[in-house]
Structures are given as structure tokens and as C-alpha cells.
Amino acid sequence: MLLQDTLTRSQKQLSPIDGKTFRFYCCGPTVYGPAHIGNFRTFVMQDVFRRALETGGTRTLHVRNLTDVDDKTIRDSQAAGKSLKAFTDQWRDKFHRDCEALACLPPHIEPSAVEHIPQQIAMIETLIEKGNAYTSEDGSVYFKISSFPGYGKLSHLDERELDLGKTQNERANSDEYEKDSISDFVLWKARRDEDGENFWESPWGQGRPGWHLECSAMIAEYLGDTFDMHSGGVDLVFPHHDNEIAQSQCACGGDFAAHWFHIAHLLVDGGKMSKSIGNMYTLADLKEKGFTPMEVRYVLIGAHYRKPLNFTLDSLSGAKEALAKLAKAAAKLADNIGSEMSLPSADFGPFQAAWDSLNDDLNTPGALGGIFTGLREATKLSGKDAAAALAGLNRILKALGITLPEILEDTAEIPADIEKIAETRWAARSGKDWATSDKLRDELQELGWSVKDGKDGYKLTKI
Ligand code: AMP
Ligand code: ZN
């Protein structure tokens, strides 16, 4: 696969450094509220990336962290009157449910900052020993950016006009680090009153790690000093990822990430969707408006990841229509097969162009277009050819993480004997013969069909 690399600003062919497994890290969510669909643009694109590699036969190791201690999680857990753990566990679980609804594969490893305090302390000790960090009067520890000549290479700091109001001798203590200034940044934050019970013992006194450090420590633990790729939304390029590079390369040596994959923002009315601005949509908000998570996923992959995507409710209605059209064409293709079996295939058939798009800098809109073009050809086929085309379609849909449940379910053929049992059951139920009705429901269940009753009839669904 060819993919744009933020550091070199060029497209590079991806292949695992160790020749076996493509090992990559994604900065995960801060678990202090529901993730918004802007966050999910990033997570869904990372999921498509992983699915595409796996579909192409590359094994992956996907590590994504949970930020469960920072200024925001502490502030909001206290406002909610909960312990930090109870508070962040609740939002972690919600995040997992949303990811599942959006068909995002769970990462292979999901470490959390709180679970890796000793590793973070050890990294700070190394940085102090090597002269890259220093302690301040209050017991905080800062990274000294002048000690790392390559500082800012990812965001091309040397080419940018920055607010140099903060000089390299000044420091930033907040996790919400100003985007356009450079300063030494905090590695260990001395305990403050507002932290409450959220502090740990360290060689520098009580406190907690700064936000940038956790990713470096967890990467060292699970991926070592050199790994295949690092990813996040574009807002993380600077300072977060530049700071990670500084911490990791100074502490561990190595090349750190061989490739940088950044996803452009989801916008609302031309501005960034963000919780602090209050213009965010969650999956729950959109469900309430009658949209499914799959429709949300379709919108999110409908634009190229390097271009900002302006979110509108109209685009969700468009996704609903496109998915229905797709499902109808897929059902027609399935119909054309007749008695042939659809076998898993390593081929994409009429969907080769869609697959090629996906491998060309993860061109998801190109891939979706290629699916519709492919379907126009595929639906003209029959028998074995239709079966092969359907296998190709299933492969490309899987690579994009698209499922078409409702319509395929509606068009599933119901065998005559199943229909007969269901009708007998409906008659028994209408006559209030509950015992027979229940017995026949169990019988259907055993035969692999579930039955749902409505006011005027029933609906059979293949289990
Ligand atoms: P956070 O929970 O704020 O740490 O963000 C989790 C991920 O979502 C990070 O990779 C962010 O860069 C990304 N992100 C945040 N806002 C947006 C947005 N509006 N569009 C796309 N990605 C975003
Ligand atoms: Zn990170």
C-alpha cells in the first residue's frame, strides 16, 4: 500500500520492518465523555487502514492507548463526584460500545496511562540522566527542548512562523498545550490541590505524568524503539507527536515511527468539531435523529482522509440512500448466482479498481465509487461468475468495514418448510394457544430462524 507520510511529505510504500507484522500505534481517546464523530473519523480511518492491510494479507499489531489521567479527566471526575477510575471506566466502556457499533476492530493491545505509571517514571529518570530533562522548584520535571536538535521535525517547525512569545526557556505545564508556541514541556506534574487524590509517588515527590509522556512510555513497552507507523488526527502533529519523538528518541535511541499517518479533521460549519466548542455530535445524537452507526461510518469514509470533511445531516441521508442502493445491487448479484456457492476468493473481480484505490493512499471515496462501477458490471453476471463477483464484493466491503444487514436479511430466501412452521405458529398464537406457539418458536430457533411478532404478522430472520 502507498500512503502519505507526514514527516517526509511523500507517499511511501508500506511493508513491515520485521518482514512479518506491521506494528502500529494510534493515540487513543481521552476518556472523560462520549467520543464525538470527529474523533471517530480518525478511528474509523485507522480501522480502514488496518482492514486494508489485513485484506491484502499483511498481519498487523495495532496498539491504541486510553488517556485516563490528565487535566480534563481529573477535573470532570471530581465534578461528577466519582473516583478517577470509576469515571474513566464508564467512558472507556461507552467508547468500546461505540467502536463496536461503528464496526471498528478492537486494537490488539489497549494500554492505559494509569496502568503504566512506573514505566513513565523510569523514562523520566532516563531523560534526566541523559541531560534531556530537569526538575523545577515545585517538583515538576520538564523536557528541555534545546537538548534535542531535531525538535519539531515532524511539524516542520523550522518552516513555520510561530508565536515566539514563549522562548525555549519558558515552560508549559498544561496538558492543553498551546499549539503555536514552543516551550519546554512538562513530563511530571507536581501534585496540586485540585488534583485531589489523583497523584503517585515519584523520585521528585507526589505528582502525575504529563500527557505527552504516556504514549512514549507505552510505545517503548509494546513496540520498542523502532516500529512501523504512528497515527492520529492532524491536531496531534504538533506539539504531541513532536514531543513524543523528542522523548522517545532521547530516552530509547532508535528511529521511533517509520511512517506518520495523520487524518484531517471533521468540520461542522467549516470549523473543527470539538467538545470544548460545543458543536459536536455523538453517535447517540445521530441515532436519535434516525441514523445508524453504519451510515455514520459511510459518511466518514466518503471523503479522502487528507481533506477536511464538512459534516452535515444531509450527508447522512445521502449515506442511507447509498447503502440501500448498494444492498439492493448486492442482493441482485446474490440472486443471479442461482444454485452456485459463493466461495471466499483472493480475487476482487469487477471490484479490482476499488481495491486499487484503497491501496493508493487509502482513497476511500475512490473505493466506494469503484464498488458502484463494479456492481454495474457484476449484476450482469450469473452462475459461477456472479458467485466470484459476490466474493470480490464481500472482500472489498470487509476491507472498508461496511456491512449491509437489513436488506440482505430481507432478501434472504425463506425455505417453504420454515414458512409453514411459522404460519402454523402464527395461527396458534392468534388463537392464544401459547404453548404450541412457544414450542414452534423453539423449533424454528433450532432450525436457525428467529421470529419476531408484529401487530399484523411475523418476521423471520436467519440467525
Ligand atoms: P482525544 O480524545 O481528544 O485525545 O482525540 C482522539 C483522537 O481524535 C485524536 O487522534 C484526535 O486527533 C482525533 N480528533 C479530535 N477531533 C477531531 C476531529 N474534529 N476530526 C478528526 N479527528 C479528530
Ligand atoms: Zn499520543
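This is a predicted model: local features need pLDDT of at least 70, side-chain atom pairs count only at pLDDT 80 or more; totals for chains, interfaces and linings use all residues.
When I say today that one residue touches another, I mean a contact, that is, heavy atoms within 4.5 Å.

I would like to start with His304, which sits in the loop between α8, residues 293-300, and β16, residues 309-311. If we leave out residues up to four places away in sequence, His304 touches Arg41, Asp361, Leu362, Asn363 and Pro365. Is His304 buried or exposed? Its relative accessible area is 14%, and because buried means under 20%, His304 counts as buried.

Let me step back for a moment to the protein as a whole. There are 463 residues, of which 51% count as buried, and the fold has 15 helices and 18 strands. Taken along the principal axes, the C-alpha atoms fill a box of roughly 80 × 50 × 40 Å. The accessible surface comes to about 20900 Å², and carbon and sulfur atoms account for 51% of that surface. If we consider contacts between residues at least 6 apart in sequence, 74% of them join residues that are at least 24 apart.

Now to the metal. Which residues coordinate the zinc ion, ligand 2? The donors are Cys27 and Cys215, each through SG, His240 through NE2, and Glu244 through OE, at 2.0 to 2.4 Å. Written along the sequence, the spacing of these donor residues is C-x187-C-x24-H-x3-E. The angles among the four donor atoms run from 77 to 126°. A tetrahedral site would need all angles between 85 and 135 degrees, and the site of this zinc ion is therefore classed as irregular.

As a general point, an α-helix has 3.6 residues a turn, so residues three or four places apart point the same way. Both His240 and Glu244 are buried, and α6 itself is mostly covered, with 15 of its 16 residues buried. There is a further detail in this helix, because Pro239 is also placed in α6, and the peptide bond from Phe238 to Pro239 is cis, with omega near 5°. After α6 comes Gly253, whose phi is positive, near 70°.

Phe256, in strand β12, residues 256-257, has a phi near 60°, and at 2% relative accessibility Phe256 counts as buried. Ala103, in the loop between α3 and α4, has a phi of about 65°, and with a relative accessible area of 18% Ala103 is buried as well.

Pro107 has 13% relative accessibility and so counts as buried. Setting aside residues up to four places away in sequence, Pro107 touches Arg50, His62 and Arg64. Thr21 is 86 residues from Pro107 along the chain, and the C-alpha atoms of the two are separated by 14 Å.

I will finish with ligand 1. How many residues surround ligand 1? There are 17, and the closest are Thr30, Gly38, Thr42, Asp235 and Leu266. As for polar contacts, an oxygen atom of ligand 1 is 2.9 Å from a polar backbone atom of Thr30, while a polar side-chain atom of Asn39 lies 3.1 Å from an oxygen atom of the ligand. On the nitrogen side, a nitrogen atom of ligand 1 lies 2.8 Å from a backbone N or O atom of Leu266. Ligand 1 on its own has 490 Å² of accessible area, and the protein covers 91% of that area.

Note on methods: Residues are numbered from 1 along each chain as its sequence is written. Chains are lettered from A and ligands numbered from 1 in the order in which they are written. Side-chain values use heavy atoms; hydrogens and water are left out. Donors are N, O and S atoms within 2.8 Å of the metal (3.2 Å for Na, K and Ca); water is not among the atoms, so sites may look incomplete. Four donors count as tetrahedral if all angles lie between 85 and 135 degrees; four count as square planar and six as octahedral if opposite donors are over 155 degrees apart and all others between 65 and 115; anything else is irregular. Buried means under 20% relative accessible area, exposed over 50%, partly exposed in between (1.4 Å probe, protein chains only). A residue is near a molecule or strand if one of its heavy atoms lies within 4 Å of it. A polar contact is a pair of N or O atoms within 3.5 Å; within protein, one must be able to donate a hydrogen and the other to accept it, and residues adjacent in sequence count only if both atoms are side-chain atoms. Accessible areas come from the Shrake-Rupley method with a 1.4 Å probe; for residues, only the protein chains shown count as cover. Helices (H or I, at least four residues) and strands (E, at least two) are DSSP runs, numbered from the N terminus.
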